[in-house]
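Trainee: Hi! Could you walk me through this structure?
Mentor: Happy to. Have a look at it here, and then ask away.

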Amino acid sequence: MTIANENRITIAILALGGQGGGVLADWIQEVARAEGWLAQGTSVPGVAQRTGSTVYYVELAKPDGSGRLPVMAQMPMPGDVDVVVASELMETGRALLRGFSTAGRTTLIGSTHRIYAIGEKQAMGDGRGNGEKIIEAAYQRSKRFIGFDMDAATDRSGSVISAIMFGALAGSGGLPFAADTYRAAIEHSGIAVKSNLKGFQEGFDRAQQPVARPDEITHDLPVPTTEQGRALAARIAANLPPPAQANALHGVAKLMDWQDGAYAALYLDRLESVAALDAAPFELTAETARHLALWMGYEDTIRVADLKTRASRITRVRGEVKAGDEQILSITEFMHPRLQEVCETLPAGIGRRILASKGLTKLLGRFFTEGRHVETTGLRWFLALRTVAAMRSIRPRSLRYIEEQERIEHWLELVRTEAAKDRELALELVLCQRLIKGYGDTFERGLGNFQRIVAEHARAPRDAAGIRTLRELALADDKSSGLTEALAG
Amino acid sequence: MAERSFKKEVLKLTAGEGEVFTGEGILAVTKGLLQSGVAYVGGYQGSPISHLMDVFADANDLLESLGVHFEASASEATAAAMLAASVNYPLRGAVAWKSVVGTNVASDALSNVSSGGVTGGALVIVGEDYGEGSSIMQERTHAFAMKSQMWLIDPRPNLPSIVDSVEQGFRLSEASNTPVMLQLRVRSCHMTGSFVAKDNVRPPLTVGEAAASPVRDTDRIVLPPANFLHEVEKIEKRWPAGIAYVRDNKLNEWFGPEESEEGIGLIVQGGLYNNLNRAMELIGLADSYGVSKLPIYCLNVVYPIIPEEVAAFCKGKRAVMILEEGQPEFIEHELNTLIRRAELDTRIVGKDMLPRSGEYTADVIRKGLAKFLEAYAPALAPQLEAANPLPAPVAKEIPQRPAGFCTGCPERPIFTAMKLVERELGPTHVSADIGCHLFSILPPFNIGNTTMGYGLGAAGASAFKPKEGEGSKRSIAIMGDGGFWHNGLTSGVGNAVFNKDDTVTMIIDNGYSAATGGQDILSSRAENANRVTKNPITKAVRGVGAKWVRETHRTYDLKGMTSMLREALTTEEKGPKVIVAQSECMLNKQRREKKATSAKLKAGERVVRERFGVDSDTCTGDHSCIRLSGCPSLTIKPNPDPLRQDPVAHVENSCVGCGLCGEVSHAAVLCPSFYRAQIVANPGKFERFKAKVSGAIMARWQAGADKARAARAF
């Protein structure tokens, strides 16, 4: 380990463009100068300004009284950084990656919230990096790790993240300066002094507390509220293996909301037929419980119309967009029902007839080429959507319903056949349901990929690993080029 | 209006003799210019020199009061040509740009001014964009200095040294009739520090006075036979004069003892001195004040090299290490030549122990130094601890964070449109340019095949003449408004018209030179007291003869954008097709509107805010929307559905309601999860009444539906 120079403090700040890392660097220098230290700051803005990550570097030196000026470095040197402040969890990780944080020396202050990078966001499935590993490494590679959700702290204090970081730095005690000197720097800047001081205090207080790990989302098990619900819950408890029960309860609750109790009972019939072929650890049943519920609760126009017009939804949006009580909120949906979706909602006979007729398709199709702006908070569209939602009662006669049930039965048949021979393979086929999601083109692509994999398996049977590979390829890019290549080869 | 305002900071530029000036490197440079009695300044923005241009612009009043003429030049070539004013007149002039790209653009003028030589001091301040965070090809300005014979100063990175270099640069230029380049590395431009100021000096002669009494000397013009005389003059007069000035005024520096026991020494480029000292400090060979145990010869002037100084330093030393960043290793080559000529046996160590490429950080230097010491002074060699990199399983979780378009950027929908049209017509060759729009080459758009330089987007497509008949495809060129005025009008559009190029040129006009920090340009719609703006690009394009010209004033209109692009790619009409896609840079717009909105809110006036959102219960987590947008405010969050595992799309509160999300879900037939929320603050009376009535009716309806749902619920 490099020996620290007692008269020098080196500070690296890792932030994203627009988070005010430069402001923070300026504040720190002002504090140091006010306390009689020499301060120098550098950065590399350039293109990093536009949402990329940026490193700011501040070096402080205590003058030796001789009037000589020390030779200062212009960037953090791995192994020679006393304090690291990072504005986001993966930027904390980047500080570790670049060797800025050293065990036994560095005070590491990092936010635990995530700002997802484009690579993580654009994945067709789940492309998120694992933050837990970063937090572990942050402990191991620092003298002291101060971690908390700075984004939440910013919200709580109505401030900006740079003020939170500044407060956390003061609160960490990593620098030998008085808290009041920090406050004076904020006051002196003259910009948003009140809210910045509030943010500063929030950060200061948080720095005294133990590391707060990011909140894990936990889902409470649904508790039955009706006679029918209790009966189904009892059936789950009696007929399904414990590892599958949570998913089955969620599944039943979802499908009762989606259609009714009878449909949920059909779900359990189907699920039990798979469970009968399963054995410990019952992963096949647990995953079938999940994916069968998702498939049976497919998204159609009826479902969307219902969800969009619920009172709870309007309240949720109000919170999400931070509309005040005195403010008027109106919500416009971007819907693009094509003739295809409309026909699928109609009773199967009518829907089929229209789609089969070129003339009718052309004639009616004209009305469904444009996307529609649907104002759900306006009476006209609200009532229209409620009418569509009310079609739930005739849903089982709709074209889409009939098509989906056929597909589901096919899939389950395949799963059961394979489960009798190879449970691992059956599980992989269950997981392939994950490919079927979305609407319009997205739905068609996903379903197409699913069907191609199943067809390929029918032609030349694959083992579990083979199916997994094909599924992963289908999720690798949205042109399905990887999958197409694999199927051709 | 530039992204960053220096209005407050430029007040510091009036500091007088003895005052301590504390601020950024670029402000220090400006102060150095004013202390030197500079008569004119010019330049072109680009990192890391953008802020210098912003400082000049914001200091316009001060410059005027001192009689200093400032131009925000149209290009680096324009700026370099300004130095013509120093050829015949004792006028001190300074120009600035990003190097090496800016120097490339300026090279014609630079060659001319170096050939004829200067009377007044001519200083070229180059922001060397090399190493971490650089956005350009990794080349050295050093080569330009050598080939045109301009002196190159690379000062130690501290404010007093930098300011001193500015002043010395002018004197050196005048003493040797040679233009001088002052190289500032990225971090030095943005580095804060202090120095003791001197009074500002009015130029003894102003540009106006010079223009009033013209001087003509054909010997200064590059035409035979004068050009042959220039070459001789360069070698016989200016070179020795330059060397003499550097030597006599001790522009280079020496640190540490004259000799070390081990018979070794170090030669370092001035700009790397601080990194070297830190590296030496950490292995116990120097202290934090630069007191070194080894002899160091610090080249603040890296070109020309002073032969007698080199010989004196190397004499009696077995080995000398040269710390020279970048390649080729010009200085190392020259040192070897000089050593041979001086008949010395000193071994010059350089790129054999230091990396051939990349930035020479303190860490890199420490490692190189350790190797050098092991070979030539083992007693001093440090025991470097083994690296302890983050284990791969952890490291791979950390995502890359490429730059991208800002939230609500008007350029995003243009590339969304290109992606949608690409789905219909298949991929085309796309010639990209320099500017924010170049982020299109990165995820999620992945559009763009080449980029040939600033304003060269259209020229880069000119070779692609479509084949005849079936499968014929037009290539697309992209150009920003900055690049267009920089040289795209002539080299791109004019050339395409003249050669009947059958290409599509998309000119992205966001009203500013946005990538470099939002400076105004000819076509800016902003009012600018000191410049002429509001000159439409379409007018210029038609002026050079383009016939098929389309314009949109709302790039967010995705449907309009796609159909315009489709038409350009498929129309029967031959010749260049030019689309000018115009919408204001959101960064600049927000800066302006945020202020106005908060003032309105304070005054209790009606304010409408729009933003987008995603219903997480209808979103299925495919992220198609993200792949067609990449907006920072459009992100993901954990799926609230207990059964679903893929994260759902989510719009953050930073959304500015540009409208693209809605347009995309319509145009690409995506999911119905997006909604636009309109939030009215301080609504009117009637508005409130209407909302109340319809809210009450809907609430009754919803209560009924909720009851029915509860009855059939789990």
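This is a predicted model: local features need pLDDT of at least 70, side-chain atom pairs count only at pLDDT 80 or more; totals for chains, interfaces and linings use all residues.

Trainee: Where is B:Phe689 placed?
Mentor: B:Phe689 is in helix 25 of chain B, which covers residues 685-712.

Trainee: And why does B:Phe689 count as exposed?
Mentor: Because its relative accessibility is 53%, and exposed means over 50%.

Trainee: OK, going inside now. How many residues has the largest nonpolar core?
Mentor: That core has 90 residues, and B:Leu33 and B:Ile125 have the most contacts inside it. It draws at least three residues from each of domain 1 (9-248) and domain 2 (253-380) of chain B.

Trainee: What is B:Ile125 in contact with, leaving aside neighbours within four places in sequence?
Mentor: Among them are B:Val29, B:Leu33, B:Trp97 and B:Leu184. There is also a second, separate core of 54 residues, including A:Tyr267 and A:Leu412.

Trainee: New topic: is B:Gly408 buried or exposed?
Mentor: Buried, because its relative accessibility is 1%. B:Gly408 is in the loop between helix 16 (392-395) and helix 17 (412-425) of chain B.

Trainee: Last one: how is chain A divided?
Mentor: Into domain 1 (8-206) and domain 2 (227-300 + 400-488). Their C-alpha centres lie 47 Å apart.

Notes:
Residues are numbered from 1 along each chain as its sequence is written. Chains are lettered from A and ligands numbered from 1 in the order in which they are written. Side-chain values use heavy atoms; hydrogens and water are left out. A nonpolar core is a set of buried Ala, Val, Leu, Ile, Met, Phe, Trp, Tyr and Cys residues joined through side-chain atoms within 4.5 Å. Buried means under 20% relative accessible area, exposed over 50%, partly exposed in between (1.4 Å probe, protein chains only). Domain bounds come from an automatic or database domain assignment. Contact means heavy atoms within 4.5 Å. Helices (H or I, at least four residues) and strands (E, at least two) are DSSP runs, numbered from the N terminus.
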